[in-house]
Amino acid sequence: MPVIKTIVDDAAYASLTKKRKRAGLPSVSALFLKECGELTDEREAGEIVRQALKLAAKREPNEKFKLQDLFPTARWEMFSKGARLRGGRMFKAEVDGAQTGIRAVEKSSSNHQYYVRAAARA
């Protein structure tokens, strides 16, 4: 898969980050894709999963969480519903691959999947 890199100065990056946050997008890359008319639910979901894996790795070991708990509420709700649903399925599939140090533990009565980060092995 091709990778596109754009080098910008600190001021441009700060401006792009502000625009990304206002648009409720998970990354500057997603902002670029959206502005170019290339952002789909699948691509947005991929960005959600990528960021969620980073955020989940920072959770305390054995602390139970849902995917949406990893993001501030306002930011989570700015993602399209389709991207959130697809992102949930993609995150679960990634976790089930057993390479992330995160595991699915149970589902709530409202069918939300809960996860925990495994404790580090000594």
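Visitor: Is F79 buried or exposed?
Guide: F79 is buried, at a relative accessible area of 1%. Buried means under 20% relative accessible area, exposed over 50% and partly exposed in between, with a 1.4 Å probe and protein chains only. This is a predicted model, in which local features need pLDDT of at least 70, side-chain atom pairs count only at pLDDT 80 or more, and totals for chains, interfaces and linings use all residues. Residues are numbered from 1 along each chain as its sequence is written, and side-chain values use heavy atoms, with hydrogens and water left out.

Visitor: How many aromatic pairs are there in the whole structure?
Guide: A search of the whole structure gives five aromatic pairs. Rings of Phe, Tyr and Trp (its six-membered ring) pair if their centres lie within 6.5 Å; planes under 30 degrees apart count as stacked, over 60 as edge-to-face and the rest as tilted.

Visitor: Why is the pair of F71 and F79 edge-to-face?
Guide: The planes of F71 and F79 stand at 85°, so the pair is edge-to-face, and the ring centres are 5.5 Å apart. F71 is buried, with a relative accessible area of 4%.

Visitor: And what about F91 and Y115?
Guide: Their centres are 4.9 Å apart and their planes at 90°, so F91 and Y115 are an edge-to-face pair. F91 is buried at 0% relative accessible area, and Y115 is buried at 3%.

Visitor: Which residues form one aromatic cluster?
Guide: F65, F91 and Y115 form one aromatic cluster.

Visitor: A change of topic: what lies over the face of Y114?
Guide: K64 lies there, at 5.6 Å from the ring centre. A charge sits over a ring if NZ of Lys or CZ of Arg is within 6 Å of the ring centre and within 35 degrees of the ring normal.
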